[in-house]
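Reader: I am new to reading protein models. Could you take me through one, feature by feature?

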Amino acid sequence: MAELLKEKTEKKNPEHGHGGYHKGENRHRHGRKPESLKPGSLKYVWNSVSHNKSAVIGMVLLAAIVILCILSPYICPWPYSKMNMPHAYQGPNLTHLLGTDHIGRDLLSRVLYGARYTLIIGITATVISAVLGILMGAIAGYFGGFIDSCLMRFLDIFQAFPTLILAMAFCAIFGKGVDKCIWALGITGIPGFARLMRANILRVVNMEYIEAARTINCPTWRIIAQHIIPNAISPIIVEIAMTVSRNGLTSSSLSFLGMGVQEPKPEWGAMLSASRDFIRDYPHMVIAPGIFIVITVLSFNLIGDAFRDALDPKFKD
Amino acid sequence: MSENKTALFSVRDLVVEYHSGQSIIHAVNGVSFSLGVGETLGLVGETGAGKTTIAKAALRILPDHSVERVGGEILFEGKNVLDMGDAELRDLRGKKISMIFQDPMTALNPVKTVISQIAEGYKIHHNCSKAEANQQAIKMLEMVGIGADRADEYPHQFSGGMKQRVVIALALACSPQLLIADEPTTALDVTIQAQVLDLIKGLRNELGTAMILITHDLGIVADVCDYVCVIYAGRIIESGTKEDIFDNPAHPYTKGLFAALPDLDKNVRRLSPIEGLPPDPSQVRDECDFYQRCPHRCDKCLAYDREMIELSPGHFSRCWRTEE
Amino acid sequence: MAPLIEVKNLKKYFKSAAGMVHAVDDISFSIEEGETVGLVGESGCGKSTLGRTLIHLNESTGGQILYRGQDVTKLNKKQLVDFRRDVQMIFQDPFSSLDPRQTVQDIIEEPIRLTGRLSKGELKEKVIDLMDTVGIEKRLRMSYPHELDGGRRQRVGIARALALDPKFIVCDEPVSALDVSIQAQILNLLMDLQETRGLTYLFITHDMSVVKHISNQICVMYLGQMVEKAEKEELFARPLHPYTKALLSAIPTTDIHHQKKRILLKGEIKSPINPGPACRFASRCIYANESCQQGARLHEVSPGHFVACNRVDEINKDA
């Protein structure tokens, strides 16, 4: 973002228009990676991501949330589930930094403790959908024909239902609780990844370099692993980041409907939903979890964008 | 080209710069030419020489978001296109100047019938009834060799060559005074290319339309054009009549282009390519643009003022050693 | 001496929603070791499919491909691996034929590395050697394809094809995406390599002047079939098939004083889906009559000059 803004201001300033040489040197310094680094290698990706300002902001935010989440049992000023009716409906003050809810529970403690549910559900569910989705998409895209039709028609069944309804159906079958919620979200997310992966595979499979790989006796598994997947994966990386944040949000919807995380466990979405009755008189009850949701979603999105750029060698400049 | 005062279209010191990432791309660096009523000018050059940019600048359809600077003048009937307001531009585009693009697949709207696409422009510019516009559209389609029975079909029902005919009908529907054809046959097969070139030539002669033909193919220029400008690195490096350029090419680059073509009538074991590559358009140079690749370069070329030298009336070359 | 490659009645059909696409239909020809056969035709005539089928990138539908007397269509997996070492391909589009995530070094060394014969240091040396052969500067060894221009990219593609010391290379429009001045560089390179390494080429192109420059034999294809085949000089001096004549006359020439009289074909190429028995060129041919509905077989009209046209004698009476 910061770079984008800088570029825009430069555009407006006509003096910069003729400073081609300066800019050229600049590009050399930042854009060129040292020769030994390979796009796709961990070191290269890390180099690129760590030079991306917005990604650094995202990572710092995410790290802060993760650290707070791990330390929550030790730093929370109050037990997250302790009711304290005389303190109910308090706005932010020195005893309760973010205020209290309708039964007097400390919101700061609840938000800090709740981070673990949102993060764990969001990340684990996404890993499940991504791994299964990428695998199915890759198989469907590479082999095509009958296998493709079978897999895709099967996934169509999933996609025929709205995500939330489907997740509810799974919860109704498997039961309540965090682990059930993870599976429900993980399975409903498969078709999205599978379709995206399949589309990207189809784009890459028709490239001449795949044919070229076949002419040099490259074994099929190596063609898939070395040439197809690395070239088809970058949109998936962004999708993963987005899905983590979306899953966090969906899990809170499930919690609100009584199918995800159960009270008194302080899941952010559940907190948000529970406080919506008080939004007019006590907005702080909504704002506290809301801000944390926004920060988490934002940090994942920033990191996702940076990874996409880092994984695509054409984004060097 | 004709240096008389009645020039229909002229370009004076046109400069176009794009920004790309952190650098400035100098796409067109001071191009000047003019064109009289009914004349045909060929702009020849290789990929990235700036040919298409010149054409787009003439219609003011350069992508705003990446243009850094457009300088100089583009005069159509004495009026500067670069100073025109939106209303004047609308009147100019399609009605007075129209353009044929390289790829006929993307120049047509896939969800509209060809007749409605042609009639639409005519209706807007002539403010006439739909029936009248349709009549004109059918006339145009027949002129490019497509029967009235196919008028209600959609673009995907036509083959590549037929689509390019539709595009030509579309471009000529409002009888423009100037037609800019940007690589009109590059996407077509050679036998289809022959048909389309023949059609373009015939229509031009019949309607008296002036034409700028942009191409990388010297053979097409030889076939269609009266005047030729050879463009290299955003500058015209040689210009003159077709006879000047093809019979007495003067600039080392022009000579190199001819030498690099495999010749059908001669048998040579090796071709003579122009070694090296075109210069980086993001760099500003003091030396002649062609210096790095020129077989005749010398120290004086390092600080060249880039003046055009008139070799014979109307034949210019941007090389000070041409006369040697 | 037996030819290096002999193709007998090769067929390649594709299924499509509208029916069978006859991309390559009953084609026979042979290529002698060390010579270049040019394959010309317009887009969609099946010339690329033929090239790919020849080196077994596509399964053929019927017919035989004999490489040094061995039928390529019947090779087992191990034999196919050996065959692929001997035959290589240079692709048309230097933008899509190189993996954007590999460096020049990776791309060129991959074929050799897959054989597992050389150590890392030897690989590097071999790559530098190959880069030198095709004329790419050593400093570009760690560059990525998108950092190179079209000509250099095509050189990288050529280096990759040469890495296994092949005998036979299918060049699929290797210069048609390049500018004239660069095109000449690549053509010269290909001819030099042929001389120094004794390569055999199948050169696929739509550009008649390029094919004339590089080939010994020329085959002209139209809609999946071969319509004419002859020595280069013979074909250009005495084209017999009406399609070849039109094709040759349609080439724009840079000689402004002797512009050729063009033979303008009517109509456009038919669809290759279920084409039927009639001569496929008949719908565009100015000489077509009822006899063309039977279809035309390739036959020898003079030594080494084959034509697929029933009326070839009548048409060429004056010549």
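This is a predicted model: local features need pLDDT of at least 70, side-chain atom pairs count only at pLDDT 80 or more; totals for chains, interfaces and linings use all residues.

Reader: What is the mean pLDDT of chain A?

Author: First the term: pLDDT is the predictor's confidence in each residue, from 0 to 100. Chain A has a mean of 79, and 85% of its residues reach 70 or more. Chain C averages 89, with 99% of the residues scoring at least 70. For the complex, the predictor gives an ipTM of 0.82 and a pTM of 0.81.

Reader: How many helices and strands does chain A have?

Author: Chain A has 15 helices and 0 strands. Of its 317 residues, 39% are buried. Buried means that 20 or more other C-beta atoms lie within 10 Å of the residue's own; exposed means 12 or fewer, and partly exposed is in between, with C-beta atoms placed from the backbone.

Reader: What is a nonpolar core, and how many residues has the largest one?

Author: In soluble globular proteins, nonpolar side chains tend to be buried together. A nonpolar core is a set of buried Ala, Val, Leu, Ile, Met, Phe, Trp, Tyr and Cys residues joined through C-beta atoms within 7 Å. The largest here has 219 residues. Those with the most contacts inside it are I118(B), A137(B), A169(B), V230(B) and L202(C). Helix α6 (residues 160-172) of chain B gives this core its largest share, 8 residues. A second, separate core has 31 residues, including W268(A) and M168(A).

Reader: Why is helix α11 of chain A largely enclosed?

Author: Helix α11 (residues 208-215) of chain A has 6 of its 8 residues buried, so the rest of the structure largely encloses it. Those six are Y209(A), I210(A), E211(A), A212(A), A213(A) and T215(A). They pack against α10 (190-205) and α12 (220-232) of chain A. They also pack against α2 (77-86), β6 (87-90) and α5 (150-162) of chain C. Just after the helix, N217(A) takes a positive phi of about 70°.

Reader: Which way do the residues of strand β3 of chain B point?

Author: In a regular strand the side chains alternate between the two faces of the sheet. In β3(B), T40(B), G42(B) and V44(B) point one way, and L41(B) and L43(B) the other. All 5 of the 5 residues of β3 (residues 40-44) are buried, so this strand is largely enclosed by the rest of the structure.

Reader: Which strands pair with β3(B), parallel or antiparallel?

Author: Two strands pair if DSSP finds at least two bridges between them. β3(B) runs parallel to β8 (residues 210-215) of chain B, with 5 bridges. V44(B) stands opposite T215(B) there. β3(B) also runs parallel to β9 (residues 227-232) of chain B, with 4 bridges. In β9(B), C229(B) is the bridge partner of L43(B).

Reader: What is the strand order in the open sheet of chain B?

Author: The order is β2-β1-β4-β5, and the pairing is antiparallel. β2 (23-35) and β5 (79-80) stand at the edges with a single partner each, so one side of each has no neighbour in the sheet. β1 (residues 9-20) and β4 (residues 67-76) of chain B share 8 bridges. F9(B) stands opposite F76(B) in β4(B).

Reader: How many residues does each chain give to the contact between chains B and C?

Author: Chain C gives 28 residues and chain B gives 36. On the chain C side, α6(C) gives the most, with 6 residues.

Key
Residues are numbered from 1 along each chain as its sequence is written. Chains are lettered from A and ligands numbered from 1 in the order in which they are written. Helices (H or I, at least four residues) and strands (E, at least two) are DSSP runs, numbered from the N terminus. Two residues are in contact if their C-beta atoms, placed from the backbone, lie within 7 Å.
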